[in-house]
Structures are given as structure tokens and as C-alpha cells.
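Subject: Structure handover

Hello,

Please find the structure below. My notes on what was found in it follow.

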Amino acid sequence: SKRVAVLTSGGDAPGMNACIRAIVIACQKSGYEPIGYLHGYNGLLNQEFVSLSLDSTHNLIQQGGTILHSARCKEFTEEAGVKKAAANLVEAGIDALLVIGGDGSFKGATYLSDYFHGQIIGIPGTIDNDIAGTDATIGYYTAIDTAMSSIDKVRDTADAFERIFLVEVMGRHAGFLALNAALSSAADYVILPEHFESTDAELKNIITQIHAQRRLKGSVSFIVVVAENVWPKGLPALTEALNEAGITDVRPLTLGHVQRGGAPVSSDRLLATTLGEFAVSLVGTSSNNVMVGEVNSHPVTVPLDKTSDSKPLNSAQVALMKTIMNERYDC
Ligand code: ATP
């Protein structure tokens, strides 16, 4: 019988628990023994693990967060740390390690493969969707929904006071979440890392749009979705720049960590379940140092070191948003 270990690492994402559940169930079916390492890579260094039984999967699919806890781990980025982790995995008799996390976690897994000669399989879990080789990552769909419903609420209060709101959404250095949140909440403008030219150019366009809308519709609300890490010095600087251009009544709002929480939506549960089961099906095969993903509804494997390649936004969505942002109300 094989011992299959799983851990969750990096930013937590809704659906990680659904994936753990699928892994435990698939292991039971194959006669494997599922082990859960706690606190991301810290668990490997401290030999901190628990045995996962079918009991632990009860009511798990709908829970946000991760029952294995997640963490960052500096020691793991150094050779001594990775060597220790590999030795601990051997000591615990682990045949395969499944890592649910983002691209940083996959870099760590690749580093570990230099010293650990069992199987390593990555499963994409991050709200940012910034992982190449899979159409979506576990947690991404729920985060879009959370951002969308938050922006819907912002719209109510923005409308009441005819205010301008700047809403910052997460995404690290990718605009997937910002673009999809903006489109689904009918935001008026979005600032994306992939299409950011300069503060001057964006500012000019935002101001033009606000004036154009107000000429046509009167004093209306206007919502700008801003991807994190794009605007130099963040929302306070953008607010000030608009104020200086004579546009007052601007309210900045950072959605923050609410976007990482909550019960996973069905798409994330389904993706997590498919990928968890698929990862276990690869145990004992020659697939090694790969990530499992889904492309056009089919499960795929991708070499772990290709998962940090750049991943483009959906071009049709970008074109649609550009049309919305450049609408002329004064013709
Ligand atoms: P998210 O993008 O959702 O936050 P992530 O997996 O990219 O998820 P990181 O904090 O970048 O999150 O990485 C998680 C952990 O992976 C780090 O704390 C570290 O232990 C390990 N790690 C990251 N980069 C490397 C690297 N280059 N070499 C070895 N280990 C790494």
C-alpha cells in the first residue's frame, strides 16, 4: 500500500478542502493511506502530519479555508530546509506528495524534487488564476463571485450618493480576478496589470469617461475596479489625482482578504473534486513533477516548471471591457 501525503501552501483559496476530500476518498478507493501535512511546507520541516480518514471528509466540501492550514515558509527556500523536508518524507514512508498551492508553492515543489525521489504532483489552488497550463485554479470562481457581490453592494451606496468608488481587488500580478469582477458587476472602468500603460494615460481616460457619463446621465455613480499592485502608491494616490483634477466625492475601498474566504461555489467544488481525484489516479504511474489542470473541460498534466509561464487574459473579455470603458456618451 502506498502512503500519499497532501499539503496546502501559499495563499489559501475556497475549494482547497473540497480537493482534500476528493484526495482522501480516491486514496481509500485505491487502498492508499492518505496523510495530511499541516501548515504548508512548515509541516514537512517539523514532521507535523495527521492521518486523514473518511470521517474527516464529512461536511468538508462546502467549507472555505483549509483544514490542513496554510503558511509561507522561508526555510523551505534554502537548501538545508529542502533537504530536511526530503529526509522527513522518506522517514515517514511517503510515496507521493500532493501540493495544493500557487506558483510559489510549485517552485518549492520543484526545488524539493532535487532531493526527494518519490512522486510530486501539484494541484492549482489560488484565487489569482495566475497559473499556466490550466483554464482555472481552485478558488478563482468563488473569489470572482465574492468580489462581484461586494461591488454590487458598493453600487447601491455609490448610486445613493452619486459617488465615485475605486475598488481594489486581489490578483497578485494578474488581472483575471479584476477583469471578471468588473465585467460581472458592470463596473465602469477597470485597471489591469496586463494593459496598464501609464498613470497619465489611465487618468486621462477615467476622467474623460466620468465627464462623458455625467454629461449624458446627470450626476451618476461610477465604479473603477483596480487590480492590486498596479497603481503606483495604490488607491490613496489615485484618489488624490482625481481630486486634483476637480473630481471630488471619490471613495477608495480595498476588498482585501474577504476575497479568500467563504464557501466555495459549485465550479470550484467541481474543479477541486476532478483535480483531486485525477492527481490520485496518477500515483504509481510515471507522471512526476507535474501539475494537474483542466483545459477545455479535460484533465491534463503540465510539467511543474512550466506552470509559471505567462498566462494571457481572455482576449474576448478584454475587448468587451475596452468597449465598455471607451463608450462615448456625447455623440
Ligand atoms: P498565492 O500566489 O496564492 O499566494 P503561492 O503558492 O504562490 O500562492 P507563495 O507565498 O509565493 O504562495 O509560496 C508559498 C511557499 O512556497 C513559500 O512560502 C515558500 O516556502 C515556497 N516557495 C516559494 N517560492 C519558492 C522558491 N523559489 N523556492 C523554494 N520554495 C519556494
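Helix 1 passes helix 9 in a right-handed crossing. A crossing is right-handed if the near helix is turned clockwise from the far one by less than a right angle, and left-handed if anticlockwise. Helices (H or I, at least four residues) and strands (E, at least two) are DSSP runs, numbered from the N terminus.

Before the rest, two remarks on the source. This is a predicted model, in which local features need pLDDT of at least 70 and side-chain atom pairs count only at pLDDT 80 or more, while totals for chains, interfaces and linings use all residues. Residues are numbered from 1 along each chain as its sequence is written.

Two packed helices are described by the angle between their axes and the distance between the axes. Here, the axes of helix 1 (residues 16–30) and helix 9 (residues 266–281) come within 8 Å and cross at roughly 35°. Axes are lines fitted to C-alpha atoms, for helices over the stretch in contact, and angles run from 0 to 180 degrees between N-to-C directions. Helix 1 puts Ala18, Cys19 and Ala22, among others, into the contact, and helix 9 contributes residues including Asp268, Arg269 and Ala272. Residues are in contact if their C-beta atoms, placed from the backbone, lie within 7 Å. By class, this contact has 10 nonpolar, 3 polar and 3 charged residues. Ala, Val, Leu, Ile, Met, Phe, Trp, Tyr, Cys and Pro count as nonpolar, Asp, Glu, Lys and Arg as charged, and the others, Gly among them, as polar.

Asp268, which lies in helix 9, counts as buried because it has 29 C-beta neighbours inside 10 Å. The cut-offs are 20 or more other C-beta atoms within 10 Å for buried, 12 or fewer for exposed, and partly exposed in between. Leaving out residues up to four places away in sequence, Asp268 touches Pro14, Gly15, Ala18, Ile138, Gly139, Tyr141 and Thr142.

Ser9 is found in the loop between strand 1 (3–8) and helix 1. Is Ser9 buried or exposed? Ser9 is buried, because 32 C-beta neighbours lie inside 10 Å.

Next, the ligand. Helix 4 (residues 103–112) gives the most to the shell around the ligand, with 6 residues. The shell divides into 4 nonpolar, 10 polar and 5 charged residues.

Regards

Technical notes: Contact = placed C-beta atoms within 7 Å.
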